[in-house]
Amino acid sequence: MNGCLPRRATVRETLRGQGLREEGASFRRLLRFQRREGLPNMQKQGVNRVRSALPTGVAALLGSAILAPSLAQAVDFSYSGYIREHLSVNLQDSNEFEPKAFADPYGLTLSGGQQDGQGELSMWRHSGKLEAALDFGPFQIAGVGRIARETRTSYERGLQNTSKLQPALVTFGAGGDAVVGPLLGLPPGALIDAQGFANASAFSSDTMNFLLGTPGCVPVCAFAPGLPGFGAGTQDDLVLDDYDSTELRELYTTFTLAERFHFKLGRQQVVWGETDFFRAMDIIHGYDLRWRSFLELENEELRKPLILANVSIDVPELNGSLQLVFRPGWDNGHDMGDSAPINGGRWAPVPWAGAGVTSSLIGAYNHHHNAGDENDPNYGFRWAGTFKQIGYSFAYYRGLSTDGLVVRNPVLGGATNFGQWEGGNFRLTELIFPMVETYGFTFNAYSGMLDSVLRGELAFTPNKPYNSGTNTFVDLFSFLGGANAAAGGAAGNFFPGFALLNDPNNPASNYAVGSGGFATTPGGVPTAPVGVALSVPGLADVVEKDTLKIMLGMDKNLNWTMHKLGTSRPAFWTVQLFDTWIVNYDRDDDIVENFGFGAARREHQTILTNAFSFPYKYDTVTPGLAFGVDLGSFDSFVIPSLDLQFGDHWRVRFEADLFFPRHTEKTNLGMTGSDADDARLLGTLSNRDQFVARITYQF
């Protein structure tokens, strides 16, 4: 009968049946399906167990630690796990840039060409996980360990050669041409065409035209894609650091006192909510989205565990239970918030696959910001109950947001308006996870009329912070002007022998001391020559807005597939409508949808997802199809799949991850492009189509 089960039970699922009361949307849905279909309970199948005896003295000591009166001699030891291979092949060429030379008479290019990559391996990942538990009767101890290593593919080696922000020291002379300095390794005095440079470089055309029209223009520093320190440099360490891991993911103890009080203490995962793909109430933990984006089947593989005190109190008189969650603040900074793939790599937002953002001066993480410190305690509660066969819950949580926020260096054109700046003068931005409060409600119920399970959730976050400024320009070298002034002019110049236009000791600069830069037009274009005019959408003020996330979903067995399509049991269909609503929306707030991209945030961001599975041969062959569409931009994705089971141990999955954005960004950080104002969430996945194989041996 095991061959008919979707997969072998894990230790976590077994312990759920012993009072842990950890819930997840997918697991609950599977149990509801099992009850309807009369299948054996997964919680009692497929876990390896070994019974042993402990010395009497050790047993008494462990029992007294939790005030248990006695401890049985027999100890139940359970374990499960897997050994797994992930492989993925690119189905499209990437549009990341490589540092090649211009095929023009001046011998310089800033755009180069495509990274290519179609048909190349983008992932070759080896991983193994072991879950184990000791059941002493009065209490249990459980842990989860996982190790992952990746073999560097030729495509990833190509990504490490992509570039961002390479230095080019340029003098604009008479006639509109520019003289290239020696920093690019070109012969001193080499000329580049000024208009061509304007179209490809970090300057906006308006800024370039102003510079070219300035009488007596003196040397300035311009940046194009690849400067080590600001941009990525090489990816040798970044990809390995992001993808490889050896971690004790969970280690906790569970016990029950006075029959009603259930304790789970230690490093663990606590799952709230009813949502798949996109999340509303699953807010306690961040996700690691760097190596697989949002596409891995089991959320527990991407969710980042935390050290928590998790207490559940049964209240049978009210058909419910009260859950109390407390995080004392003992976790490391990298355990907090969502880890986005912004250091580069195969899932970096287009066209940022070569950008080492958090490891450079562009935007390092600050986990001790005064608006969100990893050491600050977090806490919340959830009441979950049943009313006339309707499951429901109310929840509150005060914790660090899983969504990151970018705060700006105040010397780059003005002070940040959100918390204190603590990163020093030589960072463009800092990435933080601010403290927020969230109030939530969920429900699930079986509808006889629709023969479906209906579910939904609401999550309200007052004063949620957002980045704003869809057309924001900054003077990247304004801090050098201030530093030069403090150091006495040329003696402190970062480029000796070259005066900077934003240096107050340079008579031609017209630099306003204490301003942090030059004034700009209402559109953000500098009104005076500057060192570097970078277009960085999102670097205006932080705006706080009330936000409501709404999810409505339905799960349904499609009985007609048995006689129409020949499935061995009814196919399964799940549909979700997910909406993020900025309640007090004001277009003039100019909120960006994604930092670094110029698309304005909409009042409603609404995404519809569907997923189907068609089981054949007693679930040993299961084709599937998932797709989603942004109902505002009509960007979409489609994921056809095939799951195969061979006996109790081998599981193989094939899938294609296909993305269909209507608009995508084509230019790098600091440059403007015609599509920049239209690239939205799914648009950042352009040219990321992949074919994936996942091979698992489970035990």
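Is Phe 394 buried, partly exposed or exposed? Phe 394 counts as partly exposed, because its relative accessibility is 43%; buried means under 20% relative accessible area, exposed over 50%, and partly exposed in between, with a 1.4 Å probe and protein chains only.

Good morning, colleagues. The model before you is predicted: local features need pLDDT of at least 70, side-chain atom pairs count only at pLDDT 80 or more, and totals for chains, interfaces and linings use all residues. Residues are numbered from 1 along each chain as its sequence is written, and side-chain values use heavy atoms, with hydrogens and water left out.

I begin with the aromatic rings. A pair of aromatic rings is described by the distance of the centres and the angle of the planes. Rings of Phe, Tyr and Trp (its six-membered ring) pair if their centres lie within 6.5 Å; planes under 30 degrees apart count as stacked, over 60 as edge-to-face and the rest as tilted. Searching the whole structure gives 18 aromatic pairs. One of them joins Phe 255 and Phe 263, which are stacked, with 5.0 Å from centre to centre and 10 degrees between the planes. Phe 255 is buried, because its relative accessibility is 13%. Tyr 392 and Phe 394 form an edge-to-face pair, because their planes stand at 70 degrees, with the ring centres 5.9 Å apart. Ring pairs also link Phe 278, Phe 294, Phe 578 and Phe 637 into a cluster.

Charges meet rings as well. A charge sits over a ring if NZ of Lys or CZ of Arg is within 6 Å of the ring centre and within 35 degrees of the ring normal. The charged end of Lys 264 is placed in this way over Tyr 252, 4.3 Å from the ring centre, and that of Lys 464 over Tyr 466, at 5.9 Å.

I turn to the strands. Helices (H or I, at least four residues) and strands (E, at least two) are DSSP runs, numbered from the N terminus, and two strands pair if DSSP finds at least two bridges between them. Strand E14 (residues 320–327) runs antiparallel to strand E18 (residues 378–387), and 8 bridges join them. Within this pairing, Ser 321 has Ala 384 in E18 as its bridge partner. E18 is also joined by 9 bridges to strand E19 (residues 390–400), again antiparallel, and here Gly 380 stands opposite Tyr 397 in E19. The hairpin of E18 and E19 has 2 residues between the strands, and its Lys 388 takes a positive phi near 50 degrees.

Asp 590, in the loop between strand E27 (571–582) and strand E28 (604–613), has a phi near 55 degrees. Asp 590 is partly exposed, with a relative accessible area of 28%. Asp 619, in the loop between E28 and strand E29 (621–630), has a phi near 70 degrees. Asp 619 counts as buried, at 5% relative accessibility.

Finally, which residues lie nearest the centre of the second largest pocket? They are Asp 288, Arg 290, Lys 304, His 334 and Ser 339, from a lining of 31 residues. Strand E11 (245–257) is among the elements that give two or more residues to this lining, and E11 gives the most, with 4 residues. A pocket here is an open set of points on a 1 Å grid over the protein atoms alone, where a 1.4 Å probe fits, with protein on both sides within 12 Å along at least five of seven lines; lining residues have an atom within 4 Å of a point.
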